[in-house]
Amino acid sequence: MDKDFSKYYKITDKEFWRNYWFYYRVHTIVGVIVAALIIGTVVSFVTRVNPDILIMHIGGGLFDEEWIPDVEAYAAEKIPDINEDGKQIVSFQTLIYNESLDAQMALASMTKADLEFAGGDSTLILVDETTMARYINMEVFQDLTDYVQQLDIAPERLKYSEDGSRPLLVNITSTRFVAEGGYQGPDLYLGLRVIPQNMQKKKIMLDRAEASKQLFESIITDDTIVSKKHGI
């Protein structure tokens, strides 16, 4: 009769883990990665800030990073609590694009901007001469004719559609909103994004668009000095 060697041989912890790793290392690695992704997703969801309005800046100029929280706070005072979470939050996002930028980085910035226009949440857009023509041609800006008349905006501050019939952007370089931001770069223009047709039935996007109009008017006309909490 064969002997039951399990009575005489006991595997050590070291041998157990060595065998385990040999047979199950792929399963273990995949499991750890999946667990990390799940934890990361949960943490991101819990800590994510859900802005009422997203302002997107696309161009070669730079803002002072320390100033951006003040701009967001300034803009938040001009809008209602759109998503009804008890807070008024404006998020300011910058996508850098200029001639000195690495080709791959430039392509990444443009791709991200295009995706944002196609289905993102931004409603207020800042552009300069380096990117303006591209997005005018893509017809992503609203006609500002009513605002030009209502706010008495000087013609020299305006940029028009390709055929010259519709004002689409307003030069805000000399406004305090921009000047106090330590902005350096080409002249900066402000426009209202056209809401894509597939998003026009979403109430929150319509509310954001309406609030963005109020903020647009404030930036164009308001003389309030953005506070400089960071001493810049």
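**Exercise 1. Is Phe63 buried or exposed?**

Solution. Phe63 has a relative accessible area of 9%. The cut-offs are under 20% for buried, over 50% for exposed and in between for partly exposed, with a 1.4 Å probe and protein chains only. Phe63 is therefore buried.

This is a predicted model: local features need pLDDT of at least 70, side-chain atom pairs count only at pLDDT 80 or more, and totals for chains, interfaces and linings use all residues. Residues are numbered from 1 along each chain as its sequence is written, and side-chain values use heavy atoms, without hydrogens and water.

**Exercise 2. Classify the ring pair of Phe63 and Tyr183.**

Solution. Start with the rule: rings of Phe, Tyr and Trp (its six-membered ring) pair if their centres lie within 6.5 Å. Planes under 30 degrees apart count as stacked, over 60 as edge-to-face and the rest as tilted. A search of the whole structure gives three aromatic pairs. For Phe63 and Tyr183 the centres are 5.0 Å apart and the planes stand at 50°, so this pair is tilted.

Next, locate the partners. Helices (H or I, at least four residues) and strands (E, at least two) are DSSP runs, numbered from the N terminus. Phe63 sits in the loop between strand 1 (53-59) and helix 2 (68-76). Tyr183 sits in the loop between helix 6 (176-179) and strand 6 (188-192). They are 120 residues apart. Tyr183 is buried, at 13%. Ring pairs also join Phe63, Phe92 and Tyr183 into a cluster.

**Exercise 3. Which parts of the chain does the pair of Tyr147 and Phe216 tie together?**

Solution. First the geometry: this aromatic pair is edge-to-face, with 5.3 Å centre to centre and 70° between the planes. Tyr147 lies in helix 5 (residues 145-151) and Phe216 in helix 7 (residues 203-221), so the pair ties together parts 69 residues apart in sequence. Both Tyr147 and Phe216 are buried.

**Exercise 4. Examine the salt bridge between Asp121 and Arg208.**

Solution. A salt bridge needs a side-chain nitrogen of Lys or Arg within 4 Å of a carboxyl oxygen of Asp or Glu. The count comes to five. In Asp121 and Arg208 the closest N and O atoms are 3.4 Å apart. Asp121 lies in the loop between helix 3 (103-119) and strand 3 (122-128), Arg208 in helix 7, 87 residues apart. Asp121 is partly exposed at 36%, whereas Arg208 is buried at 6%.

**Exercise 5. Where do Lys203 and Asp207 lie?**

Solution. Both lie in helix 7, four residues apart, about one turn of the helix. Lys203 is exposed at 59%; Asp207 is partly exposed at 28%.
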